[in-house]
Each structure stands twice: as C-alpha cells, then as structure tokens.
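Work through the exercises below with the model open beside you. Each task is followed by a stepwise solution.

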Amino acid sequence: MSATNRTFTMIKPDAVANGHIGAILNHINKAGFRIVAMKLTRLSVAEASEFYGVHSERSFFGELVEYMTSGPIVAAILEKDNAVADFRTVIGATDPAKADEGTIRRLYAQSIAANAVHGSDSDENAAIEGAFFFSGREQF
Ligand code: CMP
C-alpha cells in the first residue's frame, strides 16, 4: 500500500499518564486503521524541538516542547484509505473544547496543549514524521 494511505500519530504524555493508551488504540482500530508500526518512547528536548520545528516561531513552542518531553509517548504509523484526513476527523479539533462529540480529543484531551494525540496534517508530513521514529524494518 502506498505512503498516501498512511498517517502518523502520537499518544501524548497526558493521555499515557492518565491510562488512556488502551482506550485510544481501541478507538483507532475500531475506526478502521491498521497499526503498521508502534513504540512506547520518550522524546528528548532536541528531538521534540526537531519534530515540532515548523512551530519554532510560535508563542507556545517552549510550552509545547516542555510538555512533549514531560513523559513517555506512544508513536505509531497507521494505515487506511484516506488515512491523513480520516484520522484528523477521528481525533477532532486541536482544542478539545472545540472537538466534536465522540472524537479522541473530546473524550481524552485536557487542553489545547495537552490534547491527547497528534495526527499528521498532510501525506508529506506523515511520511516525514513516520520516518522520524521508525526504520523501514520496523514497519509492518
Ligand atoms: P499537534 O497536532 O500535535 O501539533 C502542534 C501542537 O501544538 C498541537 O497539537 C498542540 O498540542 C500544540 N498547540 C497548538 N496551539 C497551541 C496553543 N495555542 N497553546 C499551546 N499549545 C498549542
């Protein structure tokens, strides 16, 4: 299956710390995504700064890096037709207060910073972000 049917996600430190890994993975599977690669890991400050480099000029960048390095995360590559767009529907708006009922962020997020999950915003970024965490032999 081509890269355009894949997206990248992280279950962020708040959701891991609050015991939501299982519920979120179940939600993802029930929405029709296949898990292609997955690991529990923790970002260093340098890694989080690189991953979110596109946001480096934003006012919230320091808060974002501090939060994303505050505890372990689950990184995963997911596969489904129209993966990037469909996954963004499943997770809901960046701000959980604005996320639709039944979305992962509405169900599990704390705030716009601690918003439970990341989802790639384009096919190009899905490929870049997946390769940030996983070698080819870690993808199934
Ligand atoms: P994510 O989809 O992982 O991509 C960038 C992240 O920046 C976003 O989720 C939020 O967690 C975070 N973010 C976006 N806007 C704000 C904000 N106004 N304040 C704090 N964090 C933010």
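Buried means under 20% relative accessible area, exposed over 50%, and partly exposed in between (1.4 Å probe, protein chains only). Helices (H or I, at least four residues) and strands (E, at least two) are DSSP runs, numbered from the N terminus. The model is predicted: local features need pLDDT of at least 70, side-chain atom pairs count only at pLDDT 80 or more, and totals for chains, interfaces and linings use all residues. Residues are numbered from 1 along each chain as its sequence is written, and side-chain values use heavy atoms, with hydrogens and water left out.

**Exercise 1. The buried face of H5**

Task: Find which residues of helix H5 are buried, and explain how they are arranged around the axis.

Solution. 
- Step 1. H5 spans residues 83–91, and its buried residues are Ala83, Val84, Phe87, Val90 and Ile91.
- Step 2. These residues cover an arc of only 125° around the axis, so they sit on the same side of H5. The arc is taken over the directions from the helix axis to the C-beta atoms.
- Step 3. Recall the general rule: an α-helix has 3.6 residues a turn, so residues three or four places apart point the same way.
- Step 4. Now look at the cover, where contact means heavy atoms within 4.5 Å. The strands involved include S1 (6–11), S3 (73–79) and S4 (117–119). The helices include H2 (21–30), H6 (104–108) and H7 (123–133).
- Step 5. Check the residue just after H5: Gly92 has a positive phi of about 90°.

**Exercise 2. The ligand site**

Task: List the residues that surround the ligand, then pick out polar side-chain atoms close to its oxygen atoms.

Solution. 
- Step 1. The ligand's surroundings are Lys12, Tyr52, His55, Phe60, Glu63, Leu64, Thr94, Arg105, Ile112, Ala113, Asn115 and His118.
- Step 2. Apply the polar-contact test: a pair of N or O atoms within 3.5 Å; within protein, one must be able to donate a hydrogen and the other to accept it, and residues adjacent in sequence count only if both atoms are side-chain atoms.
- Step 3. Read off the distances to a ligand oxygen atom. Lys12 places a polar side-chain atom at 2.7 Å. For Asn115, the distance from a side-chain N or O atom is 3.3 Å. For His118, a polar side-chain atom lies at 2.9 Å.
- Step 4. Compute the cover. The ligand alone exposes 460 Å², of which the protein buries 81%. The areas come from the Shrake-Rupley method with a 1.4 Å probe; for residues, only the protein chains shown count as cover.

**Exercise 3. Salt bridges**

Task: How many salt bridges does the structure hold? Describe the one between Arg34 and Glu79, then the one between Lys80 and Asp86.

Solution. 
- Step 1. The structure holds five salt bridges.
- Step 2. Arg34 and Glu79 pair at 3.0 Å, N to O. Arg34 is in strand S2 (residues 34–41) and Glu79 in strand S3, so the pair ties together parts 45 residues apart in sequence.
- Step 3. Compare accessibility. Arg34 is partly exposed at 36%, whereas Glu79 is buried at 8%.
- Step 4. Lys80 and Asp86 pair at 2.5 Å, N to O. Lys80 is partly exposed at 21%, and Asp86 is partly exposed at 23%.

**Exercise 4. Glu101**

Task: Where is Glu101, and what is its salt-bridge partner?

Solution. 
- Step 1. Glu101 belongs to the loop between H5 and H6. Glu101 is exposed, at 64% relative accessibility.
- Step 2. The partner is Arg106, with the closest N and O atoms 2.8 Å apart. Arg106 is partly exposed at 36%.
- Step 3. Look for shared partners. Salt bridges join Arg6, Arg34 and Glu79 into one network.

Conventions
Near = heavy atom within 4 Å. Salt bridge = Lys/Arg side-chain N within 4 Å of Asp/Glu carboxyl O.
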